[in-house]
Every structure is written in structure tokens, then in C-alpha cells.
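Good morning, and thank you for coming.

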Amino acid sequence: MVITTTDSSLLRLLQLSSVSLPVGGYAFSQGMEYAIDQGWVKRKADVSNWISLQLQQSVARVDLPILRLCMVAAREQDIPRLQELNDLALACRETKELRLNDTAMGEALARLMRSLQIEIPFVRLEDISFVTLFAIAANHWQIDSDLAAVGFTWSWLENQVAAATKLVPLGQTQAQELLGELQTDINEAIAHGKNIEEDRIGAGLPAIAIASSLHETQYSRLFRS
């Protein structure tokens with residue numbers, strides 16, 4: 001994978017993919033919290049397997065191809081195409097909780113983009129996926145699409161490890177070991193994502209969908225009680 005960039009676009013990518021970006025990605029475990037509560041994930045090796053599988057079978061098959069296609073549409077200023085891809089991203093979120101996680105991060109990123117004078121080219125769009133807005137911001141800052149994919153995937157990985165660090169819990173050393181082990185999967189995921197055609201975008205991780213469904217139902221019952 002050959003990546004070309006400039007100093008300014010690299011710095012903007014670091015800003016966009018920073019764990020300190022105020023979009024709350026660290027707060028969304030994407031089903032991991034329920035899996036830990038139920039004892040499916042107990043130790044560092046379990047976390048590694050959980051995140052690696054999700055990276056290869058979900059992020060690589062949904063988010064990364066949509067990111068690539070959205071960046072093309074943003075570059076061409078094809079707003080109907082961006083809306084279509086945004087709908088596809090949201091349709092791929094298998095539970096209400098996963099969809100709300102995505103749109104909550106999208107809403108937070110939209111606020112930040114407006115404060116940074118980055119135009120969001122939707123006149124009316126109720127729910128915007130985080131990946132759609134990430135692509136628009138990356139295009140605005142002229143970030144190479146391969147580099148944008150690296151930043152997006154790293155940000156997702158770091159947030160998942162941060163969630164696991166608090167939930168399992170893991171020590172900071174174990175968290176850094178996990179990041180070192182799992183970052184080797186990033187290039188593989190990006191390469192795989194580049195080969196996913198639009199009509200083949202989609203994930204199939206029933207355990208994560210079930211964990212998310214049970215988690216949202218559990219919290220709904222607690223709230224009602």
C-alpha cells in the first residue's frame with residue numbers, strides 16, 4: 001500500500017483520528033460490555049479475539065468500503081450519492097443500539113465540523129453516520145483515502161481497547177500490548193476493504209448483534225423499573 005500525503009494533511013488526520021476527538025467513541029463498546037458481563041470475554045486473549053474478529057468481519061466489510069466510496073462522492077460533490085451511502089452505513093447497523101452509537105458519534109462530529117467551518121453538504125438529513133462525516137472531513141482536508149482508512153481504523157481500534165481496559169478491566173500495560181498485537185491487522189483489514197464491491201458490503205457477526213440486542217434490552221428494562 002503506497003500512501004502519499006503532506007505534512008498538513010497528516011496533522012489533520014492525527015487530529016481527526018485522535019482518541020481525544022470529542023465524539024465519545026471510547027464510550028461505545030459495540031456489544032463488548034454485555035459479552036464481558038456474561039463471561040464470554042474474561043481476559044486479554046478474549047478481548048484480542050473479539051476485537052480482531054470485529055475488525056476483519058465488520059469494519060473491513062462495512063465501514064472501510066463505505067469510507068472509500070464516500071470520499072469519492074465527497075470529492076465529486078455528489079450529494080445524492082453521499083446520502084445513499086449514508087443510508088447504507090446505517091442499514092448495516094444490526095441493532096438499535098449500534099445504530100444509535102453510530103449516529104451519536106456522527107452528531108458529535110457534525111458539531112465539531114461546523115465549529116471548524118467544514119461544510120456538511122446535507123440540507124436535511126436526520127441521522128448521519130460517523131463514517132460518512134469522517135469521509136467528508138478527510139476529503140475537506142485533502143487526506144489520501146488510504147491514509148484516511150488507516151486513521152479511521154486506528155481510531156476504532158484504540159477506542160475499543162480503551163473500552164475493554166475499563167470493562168474487563170485490563171492494566172495499561174496489557175492495553176498497550178493489545179494495541180501492538182492488533183495493529184498488525186489494520187493493513188489486512190484495509191486491503192480487504194478495498195476489494196469489497198458495493199453490492200457485497202455487509203457484516204455477519206450474530207454474536208455481536210445478539211450481545212448488543214440483549215444489552216439494549218437489559219438497559220431498557222432497568223430504565224423502566
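I shall speak about a pocket, then about salt bridges, and finally about one serine.

Please keep in mind throughout that this is a predicted model.

Let me begin with the pocket. The largest pocket in the model has a volume of about 260 Å³. Which residues line the largest pocket? The lining is made up of Ala74, Arg75, Gln77, Ile79, Leu82, Ile118, Glu119, Pro121, Ile136, Asn139 and His140.

At least two lining residues come from each of helix H3, which spans 44-75, helix H4, which spans 79-91, and helix H6, which spans 130-140. Which of the helices gives the most to the lining? That is H6, with three residues.

I turn now to the salt bridges. How many salt bridges does the count come to? The count is ten, and I shall describe several of them.

Is Glu84 buried, partly exposed or exposed? Glu84 has a relative accessibility of 44%, and therefore counts as partly exposed, a class that lies between the limits of 20% and 50%.

A further example is found in helix H5, residues 96-115, which holds both Glu107 and Arg111. These two are four residues apart, again about one turn of the helix, and their side chains meet in a salt bridge at 3.4 Å, N to O.

Finally, I would draw your attention to Ser212, which is located in helix H10, residues 206-224. Why does Ser212 count as buried? Its relative accessibility is 0%, and buried means under 20%, so Ser212 falls in that class. What does Ser212 touch, if we set aside its neighbours within four places in sequence? Ser212 is then in contact with Gly31, Thr95, Glu97 and Leu98. Of these partners, Glu97 and Leu98 fall within the range of helix H5, residues 96-115.

Thank you for your attention.

Definitions and conventions:
Residues are numbered from 1 along each chain as its sequence is written. This is a predicted model: local features need pLDDT of at least 70, side-chain atom pairs count only at pLDDT 80 or more; totals for chains, interfaces and linings use all residues. Side-chain values use heavy atoms; hydrogens and water are left out. On a 1 Å grid over the protein atoms alone, a cavity is a set of points where a 1.4 Å probe fits but cannot get out, and a pocket is an open set with protein on both sides within 12 Å along at least five of seven lines; lining residues have an atom within 4 Å of a point. Grid points are joined across faces, edges and corners, and a volume is the space filled by probe spheres set on the points. A salt bridge is a side-chain nitrogen of Lys or Arg within 4 Å of a carboxyl oxygen of Asp or Glu. Buried means under 20% relative accessible area, exposed over 50%, partly exposed in between (1.4 Å probe, protein chains only). Contact means heavy atoms within 4.5 Å.
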